[in-house]
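Good morning, and thank you for coming. Please look at the model on the screen while I speak.

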Amino acid sequence: MNYEFDWQTVFSGQYLGWIIEGLKCSLSLMAVSSILAVLIGVITTFGNMSKNRIIHFIAVAYIELCRNIPTLIWLLFFYYVFPELFPETIKKAMNSSPDLNYWAAVAGLSISSSGYISEIIRGGIMAVPKEQISAAKSLGHSKLQTWLYIIWPQAIKNCFPPLVTRVVHNVKNTSLALTLSVHEIMWATQQIESITFRGLEVTILATVFFLVINVIIGLAARLLEKRMTPAAGH
Amino acid sequence: MNEFLNNLKFFLVGPYPNGELGGLAINLILSLATMVSGFVLGLLLALGRISGNRLLKGVCSFVIELIRAMPLILLVFWFYFMIPLFAGKPMPILLSAYLSITIYSAVNQAEIFRSGFVNIGKGQWQVAECTGLSYFQSVVYIILPQTLRMMLPSFVSFFISILKDTSVISIIGVIDLTHIGRMVSQRDPSKLVYSYVVMGVLYFIFCFALSRLAKHIEKKQGLGQNIRIKKEGAAFNN
């Protein structure tokens, strides 16, 4: 088949603007939702490991909910249903806010990832040998010191590779924000496609973008892991 | 009560007796079908990736890495918009959904296979060769049974992930559970919360049951094995 590539149309005028806006929006969505997901994940882990039964139960229920409901449903839930749960005035303010879709996407993405991340971090903490904690105690470390200097550095090293996998998953999932018409890269490319019919070009563009992001995260993860090794290598 | 049951039926099978099959049934069928076809394709890709032939190895690694970098929805768009462009005629949406999820599941299962192969070690291949088995025989009788048993929890976890990811095809218009939930909530705004709760509960029941199954298998398999696997197959074992 003969297909004439026409990159000129795609990279001209308002379309170029859309693409740049899309790239920016995608990147901010990726960064914000990943950071939030890790934060919520850490908090949930503490809840999960708590000795208080009620807190433990709530954390476990939260984790299972996050992990067993598709990300897309979470996104749609925060966009359509979440504002309905509030009283009339707050609901109106939320529905008229132009950033509702962006924040709904952030909330949905970070919550659906946080369940997995919490389990990963718990695995990392559990993998720290119990003797280390007794040793720290016998050396006279307080509980806080034990956490900060003994458990955390090892736990982070333990759970780093699966954590990166999960963050990459989250980064890829940001493309689902297209359903809430957040102006991220997939939305921009689909919009350009529907106007100019240059579908192949824009789809290639989106693919290349995700490839580059993946490669960058992979390289960064490898660098970080190398840095971490001497610190925990004793 | 009757109305509730009717509604629930709509969520489960869509407008089925009077129309095409939809709802949760589509999600289950599609994820089972793509799991199977992805299994075969993924095995071939993984075997290619560990083969001695440099060209084959390069091509398989490239394909796996390329597709793993793409979000599923992008893959779905590739098949939905681009294949008709090349083929010159439109493709049924269900077929394009099936093909794209198959590819997605193939590359991910290839990675599970690969971590299984790494865990088994080269010794098994060598022994199989020494006893005079052909390549095909050693894969079928020696390597696969061990890999499958070892990686079974990962496969179940991946099936859960596929079952959840099939919700993406609602974007191209397949009337799956997500699509039906959105349809119900848009038709009747008073049912908004209701329809999302039903969707969530249905997904939750199936995925939760499956994840319990995965945990059960993992426990049954004994501990020594799993510590090793967790390091390699962490992607879907979490």
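Two residues are in contact if their C-beta atoms, placed from the backbone, lie within 7 Å. Helices (H or I, at least four residues) are DSSP runs, numbered from the N terminus. This is a predicted model, in which local features need pLDDT of at least 70, side-chain atom pairs count only at pLDDT 80 or more, and totals for chains, interfaces and linings use all residues. Residues are numbered from 1 along each chain as its sequence is written, and chains are lettered from A, with ligands numbered from 1, in the order in which they are written.

I begin with chain A. Among the residues of H4(A) that meet H6(A) are A:Trp74, A:Phe77 and A:Phe78, and the H6(A) side includes A:Ala104, A:Gly108 and A:Ile111. The residues of this contact divide into 11 nonpolar, four polar and no charged; Ala, Val, Leu, Ile, Met, Phe, Trp, Tyr, Cys and Pro count as nonpolar, Asp, Glu, Lys and Arg as charged, and the others, Gly among them, as polar.

I turn now to the contact between the chains. Chain B gives 31 residues and chain A gives 33. On the side of chain B, H9(B) contributes the most, with 10 residues. That side holds 23 nonpolar, six polar and two charged residues.

The mean pLDDT (the predictor's confidence in each residue, from 0 to 100) of chain B is 86, with 92% of its residues at 70 or more. Over residues 229–238 of chain B, however, pLDDT stays under 50. For the complex, the predictor gives an ipTM of 0.86 and a pTM of 0.87.

Methods: Helix = DSSP H or I, 4+ residues; strand = E, 2+ residues; numbered from the N terminus.
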